[in-house]
Amino acid sequence: MAAIPEWRDVDAATFRREIATAYRPAVLRGFVADWPAVRQASTAPDAICGYLRAFDNGAAVDVLRTPPSAKGRIFYNDNLNGFNFSHDRAPISSVLGRLEKYSAQQNPPAVAVQSALIADCIPGFARENRLTALPESILPRIWLGNTVITPAHFDESNNVACVVAGARRFTLFPPEQIANLYIGPLGYAPTGTPISLVSFRDPDFKRYPRFREALAAAQVAELGPGDAVYIPALWWHHVESLAKYNALVNYWWKGPIDATTKSDSAFDPLIHSLLNLKHLSPEQRKAWGVIFDYYLFGAGDDLAAHIPEHKRGVLGEISPELAKQIKAFLVGQLQR
């Protein structure tokens, strides 16, 4: 494993010009060290609790809980027909109370708030702690808990994750390591996107031998309060919360930072393609691979140069109106 490349003293212009435009991860040391939340969290392990309570508006958020036997790993049950956690909804203050209670226990249950919109539950936090490198239209989310492990997964969005309290270890893999990560079911995962079935804490190399190759390509970093990591879209990332009190704020966006159009999921056509192509012969799947590569993955600027512009359809500029027509067509096809 190698260290994720580090940057220091990164300002908004540098982030937008040199980091967010590159398809590679970056650790941003001290990126949000000036946040009041970070300064408060640095005074004592549990100081973040009082700070967050002051902003709690009482709105309920999703809360995950794993038993002590899971040792914080969010995962499936033994036969993969369910998950190893329960969930409920509670205000942030209630979760903070559980963290305080569990901090005195040797082997406590894990509790986690994952991806709660800050505007919905602690809106005042966002006013005091702003990431000026990103536009305000990219809404922050909070991740809060004790020692929790989120298995290796990918997001379709670019991600800046900022550690506010505690410590986290990020282990990242480039997209091409998918074959070595032993990915579980595509449509059924505890994180919402597919996850690696390998336990990083105790990898079973007999069952998952290619995982050694993944580790050789891995990039890793430990982040403390004020540090951040930039994770490009579709990079696999395994995240471990290492302290009794951990708080992280992240920002997701698709495409360029200032993009004004909303991108739909590319995971959907993957599932649709598996539905329609997997049963074909190897020769036909290979032929479809050539067609996909020609029209999409290897497409050049002259792809539709021989077609009159007004007849290029999906091969030309896709306007909002054309996008609606295409979606309506696809819905009709799926309902046949």
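Mentor: Helices here are DSSP runs of H or I with at least four residues, strands are E runs of at least two, and both are numbered from the N terminus. Before we dig in: this is a predicted model, where local features need pLDDT of at least 70 and side-chain atom pairs count only at pLDDT 80 or more, while totals for chains, interfaces and linings use all residues. Residues are numbered from 1 along each chain as its sequence is written, and side-chain values use heavy atoms, with hydrogens and water left out.

Trainee: What makes β6 stand out in the lining of the second largest pocket?

Mentor: β6 gives the most, with 3 residues. Strands β6 (110–117), β7 (141–145), β8 (149–153) and β14 (246–253) are the elements giving two or more residues to that lining.

Trainee: Why is it called a pocket, not a cavity?

Mentor: On a 1 Å grid over the protein atoms alone, a cavity is a set of points where a 1.4 Å probe fits but cannot get out, whereas a pocket is an open set with protein on both sides within 12 Å along at least five of seven lines. This one is listed as a pocket, so its set of points is open.

Trainee: Which residues are closest to its centre?

Mentor: R141, S157, W252, W253 and K254, out of 31 lining residues, and lining means having an atom within 4 Å of a point. The pocket's volume is about 830 Å³.

Trainee: And what about the largest pocket's volume?

Mentor: About 2,500 Å³. Its lining has 50 residues, with S265, A266, P269, L296 and L330 nearest the centre, and α10 gives the largest share, 10 residues.

Conventions. Points joined across faces, edges and corners; volume = space filled by probe spheres on them.
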